[in-house]
Amino acid sequence: MRRNRLAVRLILATTLLAGAQPWLTGPEAVPRTDRQRDSPLVQTFALTAPGATRDMRLVSARTAALHTAEMPSRRTRPFSLLGVSWDDPTADARGAIEVRTRSAGTGEWTSWQLLETDNPDASGGTGGPGVRGATDPLWVGPSDGVQARMVAVDGGRLPDGLRVELINPDARVSDRPRMELASSEEGMARRAGLPARPVPRMVSRAGWRANEAIVKEAPTYTGSIQVVFVHHTATGNGYQCRQSASIVRGIEAYHVRTKRWNDIGYNFLVDKCGTIFEGRRGGASRSVLGAHTLGFNNNSSAIAVIGNYGGVRIPLRARASVSQLAAYKLGAWGSAPAGRTVLVSGGSDRFPAGKRAVLNRISGHRDTGQTECPGNALYAQLRAIRTIAGAAPAGLRYSSLGGATAYGGRYYSKGLVQASWNLATATRMLDRFEIWVDGKFVSGSPSGHRTSQVRLTPGAHTVSVRAVHLSGRTALASARVVVDQVAPAFTGGPHVSLRTGTLGTTVPVRVGWTASDPNGLRSIRVAGTSKAVLGGAGRALNATARLGEAGTWTVTAADRSGNVRNASVTRTPVLVSEAGAARAGTWRTLRDPGFLGSEAVASSAARSALTWSLTGRSAALVAGRTATSGRIRIFVDGVDQGVVDLQSPIAKHRQAVWTRSWGTSGRHTVRVQPEGTAGRPSVILDGLAYLR
């Protein structure tokens, strides 16, 4: 109300002092069990002019000019919600109406509470026959006594037919079967392959035990939802959230039995804990015509927050639910929640019939009518609610692409990709996710999903996940995926060759290969006689093989898409000692545990020679190195291969000092002769190793 309430309350206290009556004695209220359920749904008591016994000398000249009414304190059957109504819904109840109630549990009386009277009939002529004017209802909790009083101000007169309406939302409902409504179609057509638009989680009418027996008329539907109006119920904030369903039942009964509307006026209600309740019957996803905002019920929907929010803000949980509902209702019809639109008034106390009103898509009740609803504090929160409801999905990104490997800013796959993503926006604010490949829609996923499987054809593709907000705004995350289903190729090898190093029971070998793939190699694995995992650039592996035993190496090349190809090679190392060589010139035998077989031969004569014959693919000359060792010249199949210097500051025996490999297995001869190096002419030879 936009009046000086303190002055009005003082006038009320003075005017009605003589008319106050004591509480009528009687048995104390019993606990709220069967007595509460057996109480009638509605109790009605007249609010009339006070008796003639009033001492008018106690009333000032100003007060005497006012019209007053009262209902003395009285015992009642159990109730939890109340209000005051009058005959003419268009009458302006200019004044103050106060009530106080007695708690059924403690027997104590509350202080006087002022009822909201600044809301005209919002049904707009659609409420049904016998529509009455009324205050907003007040939730008082389980009670069994009431007293009421009213004073009209500014020269006004009391409306006719004033009465106090007590509602017991926990009264037994009729056993008459409830009308079940089939699930409705979405307000907008959905493309094939898209999941159903998610309905916000809410307590259905059956869930809050709506009394369908008192709802006489079938729901009426309007056009597309252009505006969502935010209200508060003005029923008070002193409730626990477990009582919210009872409050909603009370509001339903008050709207139907007291105001004589067809059903509860609001499309949705939200309590201070954020729980959403389905309001007027007809389908949460459909454009149900409500009775909530005079002159603007068409093409609109209403959300009422349970409580009074003139001086206190709604909690964050309630704000989130209001934002979700607004985005859900507006986004389904392509109406941007953060935008504005123009509606033509059907006639209100602020906009005459036919007048165009420029409104925010999410507006407060006061934007179209002379009312304090939804309260100053809640009205100030509408900007934040518009921002949340009209936002685009935030922080969308891929978390992984299963079945694909990332490299150089791209992903590589064999074709089946498990796309996973994350984003910052709460799931409740999302409509769905869509998968697009190369700009073409592929599939849709529900808002709670964060993964989707995609099958791609060979080649390069752009795979995108598109997040769709309830508002209709979108965000996109994309990745470049190359699909390769062809395994790598071995263009050389694998092959095994002897290498320089120390011999013992094993010989040093090198495993080599050449593999390639158009999209690059991811890894090389070597298994068998030797094991290793190398990067895709690996082309060789130094290893060892046991003398006289066949060794097998399997090389596996994997490309970046996960395709693999294997190739194997088997070789046997053989050692021919110095005794197995044909000798020329002068050679002497040396004995030392460090030599192969504990024996080797030495020579310093320039014309001495040792010659080995072999059939194989690779050969290695085994010699000793010392500080005084000289040089040797090597011939293969009669062709000079050059000189090897055997000098070493540290004595080393059983050393493969020279190697040679051939592409295929064949018969070869290896001849070695000392060079007669000045100052260090002697050389030590210990045998020849080869691979067959």
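**Close-up views of a predicted model**

**View A. The disulfide of cysteine 241 and cysteine 273.** Cysteine 241 counts as partly exposed because its relative accessibility is 23%, and the buried class ends under 20%. The model shown in this and the following views is predicted. Cysteine 273, with a relative accessible area of 27%, is likewise partly exposed. The sulfur atoms of cysteine 241 and cysteine 273 are 2.0 Å apart and form a disulfide. The count of disulfides in the model is 1. The link between cysteine 241 and cysteine 273 is right-handed, with 90° about the S-S bond. Cysteine 241 sits in the loop between β8 and α4 (244-258), and cysteine 273 in the loop between β9 (268-270) and β10 (276-278), so the pair ties together parts that are 32 residues apart in sequence. Cysteine 373 is buried, with a relative accessible area of 2%.

**View B. Strand β8 (residues 227-232) and its pairing partners β11 and β14.** Strand β8 is largely enclosed by the rest of the structure, because 6 of its 6 residues are buried. In a regular strand, side chains alternate between the two faces of the sheet. In β8, Val227, Phe229 and His231 point one way, while Val228, Val230 and His232 point the other way; all are buried. Strand β11 (residues 300-305) runs parallel to β8 and is joined to it by 6 bridges.

**View C. Helix α5 (residues 316-331) and its buried residues.** The helix has 16 residues, and the distance from its first C-alpha to its last is 22 Å, close to the 22 Å expected at 1.5 Å a residue. Of these 16 residues, 12 are buried, so α5 is largely enclosed by the rest of the structure. Among the buried residues are the nonpolar Ala318, Val322, Leu325, Ala326, Ala327 and Leu330. The buried set also includes Ser321, Ser323, Gln324 and Lys329.

**View D. The largest nonpolar core and the surroundings of leucine 269.** In soluble globular proteins, nonpolar side chains tend to be buried together. The largest nonpolar core of this model has 48 residues, and Leu269, Ile303 and Val322 have the most contacts inside it. Two or more residues each come from β8, α4, β9, β10, β11, α5 and α6 (376-389). The element that gives the most is α5, with 7 residues. Apart from neighbours within four places in sequence, leucine 269 is in contact with Thr233, Val248, Ile251, Ile264, Thr275, Ile276, Phe277, Gly279, Ala304 and Ile306. A second, separate core has 27 residues, including Val496, Leu503, Trp513 and Leu691.

**View E. Strand β27 (residues 540-546) and its pairing with β24.** One face of β27 is covered and carries Leu541, Ala543 and Ala545. The uncovered face carries Ala540, Asn542, Thr544 and Arg546. Strand β24 (residues 506-516) runs antiparallel to β27, and 7 bridges join the two. Threonine 506 stands opposite arginine 546 of β27, and this arginine belongs to the uncovered face.

How values were computed: Residues are numbered from 1 along each chain as its sequence is written. This is a predicted model: local features need pLDDT of at least 70, side-chain atom pairs count only at pLDDT 80 or more; totals for chains, interfaces and linings use all residues. Side-chain values use heavy atoms; hydrogens and water are left out. Buried means under 20% relative accessible area, exposed over 50%, partly exposed in between (1.4 Å probe, protein chains only). Helices (H or I, at least four residues) and strands (E, at least two) are DSSP runs, numbered from the N terminus. Two strands pair if DSSP finds at least two bridges between them. The expected span of a helix is 1.5 Å times one less than its number of residues. A disulfide is a pair of cysteine sulfur atoms within 2.5 Å. A nonpolar core is a set of buried Ala, Val, Leu, Ile, Met, Phe, Trp, Tyr and Cys residues joined through side-chain atoms within 4.5 Å. Contact means heavy atoms within 4.5 Å.
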